[in-house]
Amino acid sequence: MSINDEILKRRTFAIISHPDAGKTTLTEKFLLFAGAIQSAGAVKSNKIKKSTVSDFMEIERQRGISVASAVMSFEYRGLNINLLDTPGHKDFAEDTYRTLTAVDSVILVVDSVKGVEEQTEKLMKVCRMRKTPVIIFINKLDREGACPFDLVDELEKKLDIKVQPLSWPISRGSSFKGVYSFHQNNLHIFHPNRGADDDEIVAITDISRHALDEHVGGEFAAQLREDVELLKGVYGSFDNEKYLAGDLAPAFFGSALNNFGVKETLDAFIEMAPPPGAREAATRRVEPGEKSFSGFVFKIHANLDLRHRDRIAFFRVCSGKFERNAFYKHVRLNTNLRFTNPASFLGQKKDVIEEAYPGDVIGLYDRGHFKIGDTLTDGENLSFQGIPSFSPEVFRELINTSMKAKQLEKGIKQLTDEGVAQVFHLAIGHRKVVGTVGQLQFDVISYRLEHEYGAKCSFEPLNFYKACWITSNNAAQFKDFCDYKANHIGRDKDDNIVFFAESEWMLHHYMEQFPDVNFHFTSEFK
Ligand code: G4P
């Protein structure tokens, strides 16, 4: 098979949601359809229900044993699908943001009862920034949720994207009757607690016919006709190009728990979602079909079993063909590396692979060579764009409380390479600032520093609201600003200058006061 045929066969995506919207349930149903798992309950939720560090460490330990949960590869209707798992807990959102850099599209799950939640908005911001095509699955229609028109309106407003429903619910909650698919011109009748194979699907070419009333009852049939009339007036035919450009999100209604509307969503995904596409590197655009091999590391998973200190770097192939035992250039270190046991994750099993193609995610055993964003190539000095650091949301000063400064230094460096946290250095006093997206990560860092590196530390609260990467063409004004805010200026891991704003109000105030200073909210601003 040619490399282009291999590329066309692949779909690499992530399911994202606010915790509890139904991501794990939907993932599991997808895997059941594809025959990748045989029974429900096989997909472990990576949720941390009690939000305690011990919960987290336990989950991580299990994941360390079965890293397969980070990528699930399966075959469906002749395609090789790579489904990338994302952490459920909001304190680990940064990990999800990075996973989004490695996918070609996304399915967003929204709870119809709760509507758009905080985490949904943040994740969608990253998708919009990257122009990632998004399919929306509106879940839990078996519960008394919001009016679907209001939901679609809320999605459009809060997620700042055009939404086009391709299916439409007939009532909801206890009187939920099913969905009408514009997409397939049929009616899916809902029977609670029935398996997907039993889904009753009725072909409906004309919803004005009495057949609809027989299936859903006169009152609901009338309501559907009215809704469909309205929707047809608002939406024209679905434009897949707009979806591919990240400008239009098709939406489907269903209930993951009841396996309802799930297959339709998966089938729509197969039809619409893009195969692996071109990627921007600092010097040029890299096409997947190029002969020369390239790819990048987007996630590093530490092995928390102290007897095996190796880590697994999750690597997305971007172009060409990856081959086991071939030498590839590690661009940042300017050295050649060879991988004897690259792993794939087909059907939840970790297997050694001989080759991999664009869109594939492989696991590379790592003894400390990799950082997030690192590139491997055939020899070219490529550096992929679009793997930025985002501003952390919680900041603390790292204080060494044991004599083991070296271990602490080593531990914190490795944890930053893995992307557990970001570390900055304040210009004055050279104090270390650790930034995360949630409190739980500080507990995890202390725990891991102590247990893996034998170093103790504590964290002092800092009154910072956001880290902004700053630049300017006006050297005098830039210097004035840096002098004025000297206590709030530092550097990131790549030595870029960062300003720590104390509040949103103050930040806006400085933006007005120093108009030639540019404040960037991700590390990738060039
Ligand atoms: P997440 O990965 O997005 O965090 O969500 P997850 O799938 O774990 O689902 C969160 C809760 O919502 C689970 O209940 C799950 O059973 C339920 N759920 C998922 N889809 C539907 C649906 O279509 N309808 C209804 N009514 N519930 C749904 P839980 O009680 O938190 O967990 P469990 O004890 O059932 O596993």
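Student: What makes β7, β8, β9 and β10 an open sheet?

Tutor: The 4 strands line up in the order β7-β8-β9-β10, with antiparallel pairing. Strands here are DSSP E runs of at least two residues, and helices are H or I runs of at least four, numbered from the N terminus. Two strands pair if DSSP finds at least two bridges between them. The edge strands, β7 (167-170) and β10 (200-203), each pair on one side only. By the way, this is a predicted model: local features need pLDDT of at least 70, side-chain atom pairs count only at pLDDT 80 or more, and totals for chains, interfaces and linings use all residues. Residues are numbered from 1 along each chain as its sequence is written, and side-chain values use heavy atoms, leaving out hydrogens and water.

Student: How do you know that β9 is joined to β10?

Tutor: DSSP pairing takes at least two bridges, and 4 bridges join β9 (residues 186-189) to β10, so they count as paired. Across that pair, His-188 stands opposite Ile-201.

Student: Why is Ser-112 called buried?

Tutor: Buried means under 20% relative accessible area, exposed is over 50%, and partly exposed lies in between (1.4 Å probe, protein chains only). Ser-112 has 2%, so it's buried. Its place is in the loop between β4 (105-111) and α5 (118-130).

Student: How do you know that the span of helix α11 agrees with what it should be?

Tutor: The expected span is 1.5 Å times one less than the number of residues. For the 14 residues of α11 (405-418) that gives 20 Å, and the end C-alpha atoms are 20 Å apart, so the two agree. Just after α11, Gly-419 takes a positive phi of about 85°.
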